[in-house]
Amino acid sequence: MTTVGLVGTGRMGSAMARALARAGRSLVLHNRTRQRAVELAAELGAQVADTPAEVAAAAEVTLTMLADDGAVDAVYGDSDGLLAGAPAGATLVDLSTVRPSTLRRFSDRAGVAGVGLLDAPVSGSVSVAEKGELTLMVGGDAPTLERARPALEPLSRTIFHMGELGSGAAMKLAVNAVIFGLNGAVAEGLVLAEAAGVERALAYDVIRASAAGAPFVAYKRAAFVDPETTPTAFALELAEKDLRLITELATALGVATPQADTNLELVRAALTDGRRGKDFASIAQHLRDTRASVVQS
């Protein structure tokens with residue numbers, strides 16, 4: 001039985017832990033807010049470690065699902081971080097959405113320690129993660145990926161090996177550029193149909209059945225149709241962070257991304273309306289509110 005460490009037990013991390021437990025993996029968990037890890041461990045029969053270093057020391061493969069680049073830097077590089085505790089032969093895999101350069105900073109240190117390092121960001125929702133049907137985009141060498149497969153396969157429907165370390169992170173930002181474009185387009189189309197007198201749920205079902213009906217449109221239905229009662233799956237401020245990383249990478253590479261630029265402006269405008277913590281589908285409500293203020297004026 002492969003022992004899998006998991007650092008980061010937020011929405012996505014917890015969903016991944018459940019998929020791994022269902023596949024029979026032995027789990028060691030750590031979270032900055034310890035109580036979240038304790039509650040999840042009690043649910044799944046897992047262990048809880050006090051530091052990332054303890055997780056890496058106890059697991060053959062350790063996965064991280066963290067909020068941003070700063071969190072990845074700390075979890076991998078601090079004195080009680082993963083690289084401080086990982087023994088030779090261990091494998092560390094970051095599934096976060098961060099800059100391609102973030103994990104590369106630890107490549108030399110991991111190599112000296114004999115520790116495998118992969119970036120493997122994911123595409124899919126919390127519900128998709130819990131079902132073990134994510135798409136993984138992996139950067140790093142092929143032998144390390146093979147060692148990580150017992151921890152990655154229970155999470156995924158498809159694993160793409162993208163190339164060298166950092167290439168998975170770059171591909172994830174490219175995918176998210178499309179997702180955020182689709183999110184904005186669905187919001188615009190839905191609000192336009194509503195303004196023309198079409199009932200919201202019916203309008204959404206037509207969009208879902210149309211040529212635009214990607215898997216994203218199917219699993220985001222509740223967030224768009226019943227936003228007040230549907231729990232947040234991906235917060236608006238995380239969408240702002242990802243769009244900022246997308247536009248930064250595009251600028252560094254000399255690539256024009258007018259849609260991503262527009263979507264970043266839209267998300268930031270929605271955040272100024274007090275929607276921090278709301279799902280990123282809530283930009284539809286931002287467009288409704290904007291229309292209402294224009295009509296009233």
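User: What makes the nonpolar surface patch in this structure, and how much area does the patch have?

Analyst: In this predicted model, Phe160, Met162 and Met171 make a nonpolar surface patch of about 250 Å². Met171, one of these residues, lies in helix H10, which spans residues 167–195.

User: Why is Met171 called partly exposed?

Analyst: Met171 has a relative accessible area of 31%, and a residue counts as partly exposed when its value falls between the 20% limit for buried and the 50% limit for exposed, so Met171 belongs to the partly exposed class.

User: How do you know whether Arg291 is buried, exposed or partly exposed?

Analyst: Arg291, found in helix H16 (residues 283–296), has 44% relative accessibility and therefore counts as partly exposed, since exposed would require over 50% and buried under 20%.

User: Which residues of helix H4 are buried, and why are they said to lie on the same side?

Analyst: The buried residues of H4, a helix running over residues 69–77, are Asp69, Val72, Val75 and Tyr76. Because they cover an arc of only 130° around the axis, they are placed on the same side of H4.

Note on methods
Residues are numbered from 1 along each chain as its sequence is written. This is a predicted model: local features need pLDDT of at least 70, side-chain atom pairs count only at pLDDT 80 or more; totals for chains, interfaces and linings use all residues. Side-chain values use heavy atoms; hydrogens and water are left out. Buried means under 20% relative accessible area, exposed over 50%, partly exposed in between (1.4 Å probe, protein chains only). Helices (H or I, at least four residues) and strands (E, at least two) are DSSP runs, numbered from the N terminus. The arc is that of the directions from the helix axis to the C-beta atoms. Patches are made of residues with over 30% relative accessible area and no salt bridge: like charges are joined within 9 Å, nonpolar side chains (Val, Leu, Ile, Met, Phe, Trp, Tyr) within 5 Å. Accessible areas come from the Shrake-Rupley method with a 1.4 Å probe; for residues, only the protein chains shown count as cover. A salt bridge is a side-chain nitrogen of Lys or Arg within 4 Å of a carboxyl oxygen of Asp or Glu.
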